[in-house]
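Subject: Structure handover and findings

Dear colleague,

Please find below the structure that I am handing over to you.

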Amino acid sequence: MTNDAQSQELSSVAENYLLCLYTLDEEGLDSNFKNLSSRLRDLPEGERLGTSTSSVAGMLRRMAKEGLVDITSNKEVILTNTGSANAKDIVRRHRIAERMVVDLIGVPLHRAHIEAHRLEHAMSSEFLAAATQKLGNPSTCPFGGLIPGHELPRNYKSRISLNTGGENVPYVVCRVPEEDTVLLKYLVDNEILPDNTVSVVENAAYRGIIVIQNSVGASVPLGIDVATRIIVAPYTLEGET
């Protein structure tokens, strides 16, 4: 682990919980048992744990005893200072691993999340530092997630979910969801990726879909639930980081 994380060795199970809690908070979602269970089910096969309410509750009780989380009376899970430091460490390792398998090894983008999960738990702090340097100290993962330790981009406050975008307004994609391999391949195949431009052609919320035009001019339908998790910024701010 890096120096800002607690020196105790955490199990891969605890690290996965911390990773999921961090990303829920990052996306502005409630860190409750239901959302955490759902996010755990999105982990690659082999990384998934018991996701029943009782299994999650039991693991969280252990993590609370270890000083990693606090659990409120309404079952919201809050990272402690120690938990937050450890969460940032595992997120940093995960996102550097994603960069490594894509940028250095050439793994297809829709497989990067899965391969990164196989690497992140085994990374030493020395390996992480060397990989980060080799990659040129990237600020984001291939899906647009900020790597802890970097400042927020200047266009951060202007970012919105794609489903709230105005029609025929150009946007630059800032972040896409990475957990669903099938969905991610669809986004890759349709050029809906960070730094590419899109515009909303039709927002038919009453039908549960949104139709966008991608950077090569093709019309692409998306479910509203998917569009909600695609983060964009006005195209005029594309150059800001």
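The centres of domain 1 and domain 2, taken over C-alpha atoms, are separated by 24 Å. Domain 1 covers residues 10-151 and domain 2 covers residues 155-234, with bounds that come from an automatic or database domain assignment. To the contact between them, domain 1 contributes 16 residues and domain 2 contributes 12 residues, where contact means heavy atoms within 4.5 Å.

Please note that this is a predicted model, in which local features need pLDDT of at least 70 and side-chain atom pairs count only at pLDDT 80 or more, whereas totals for chains, interfaces and linings use all residues. Residues are numbered from 1 along each chain as its sequence is written, and side-chain values use heavy atoms, with hydrogens and water left out.

I turn next to the nonpolar cores. A nonpolar core is a set of buried Ala, Val, Leu, Ile, Met, Phe, Trp, Tyr and Cys residues joined through side-chain atoms within 4.5 Å. Buried stands for under 20% relative accessible area, exposed for over 50%, and partly exposed for values in between, with a 1.4 Å probe and protein chains only. The largest such core has 27 residues, and those with the most contacts inside it are Leu162, Ile192, Ile210, Ile212, Leu222 and Ile230. Two or more residues of this core come from each of helix H4 (81-104), helix H5 (109-120), strand S4 (170-175), helix H7 (181-189), strand S5 (197-204), strand S6 (209-213), strand S7 (219-223) and helix H8 (224-228). Helices (H or I, at least four residues) and strands (E, at least two) are DSSP runs, numbered from the N terminus. At least three residues of this core are drawn from each of domain 1 and domain 2. A second, separate core holds 24 residues, including Tyr22, Leu24, Phe33 and Val91.

Two residues may be described individually here. Leu222, neighbours within four places in sequence aside, is in contact with Leu162, Tyr186, Leu187, Ile192, Gly208, Ile209, Ile210, Ile212 and Ile230. Ile96 is found in helix H4 and counts as buried at 1% relative accessibility. Not counting residues up to four places away in sequence, Ile96 touches Met123, Leu128, Ala131, Thr132, Leu135, Pro138 and Ile147. Ile96 and Ile78 are 18 residues apart in sequence, and C-alpha to C-alpha they are 25 Å apart in space.

Cavities and pockets were searched for on a 1 Å grid over the protein atoms alone. A cavity is a set of points where a 1.4 Å probe fits but cannot get out, while a pocket is an open set with protein on both sides within 12 Å along at least five of seven lines; lining residues have an atom within 4 Å of a point. Grid points are joined across faces, edges and corners, and a volume is the space filled by probe spheres set on the points.

The whole structure contains 1 cavity of 30 Å³ or more, and the largest cavity has a volume of about 120 Å³. Its lining comprises 13 residues, of which Leu19, Thr23, His113, Glu178 and Glu179 lie nearest its centre. Helix H1 (12-26), H4 and H5 each give two or more residues to this lining. By class, the lining has 4 nonpolar, 4 polar and 5 charged residues; Ala, Val, Leu, Ile, Met, Phe, Trp, Tyr, Cys and Pro count as nonpolar, Asp, Glu, Lys and Arg as charged, and the others, Gly among them, as polar. Both domain 1 and domain 2 give residues to the lining of the largest cavity, so this cavity lies between them. Thr23 is found in helix H1 and is buried, with a relative accessible area of 8%.

The largest pocket holds about 1300 Å³ of space. It is lined by 48 residues, of which Glu26, Gly144, Tyr156, Arg159 and Arg175 lie nearest its centre. The residues of this lining divide into 21 nonpolar, 11 polar and 16 charged. The largest pocket also lies between domain 1 and domain 2, because both give residues to its lining.

Finally, two backbone features deserve mention. Asn168, in the loop between S3 and S4, has a positive phi of about 60° although it is not a glycine. Asp195, in the loop between H7 and S5, has a positive phi near 80°.

Yours sincerely
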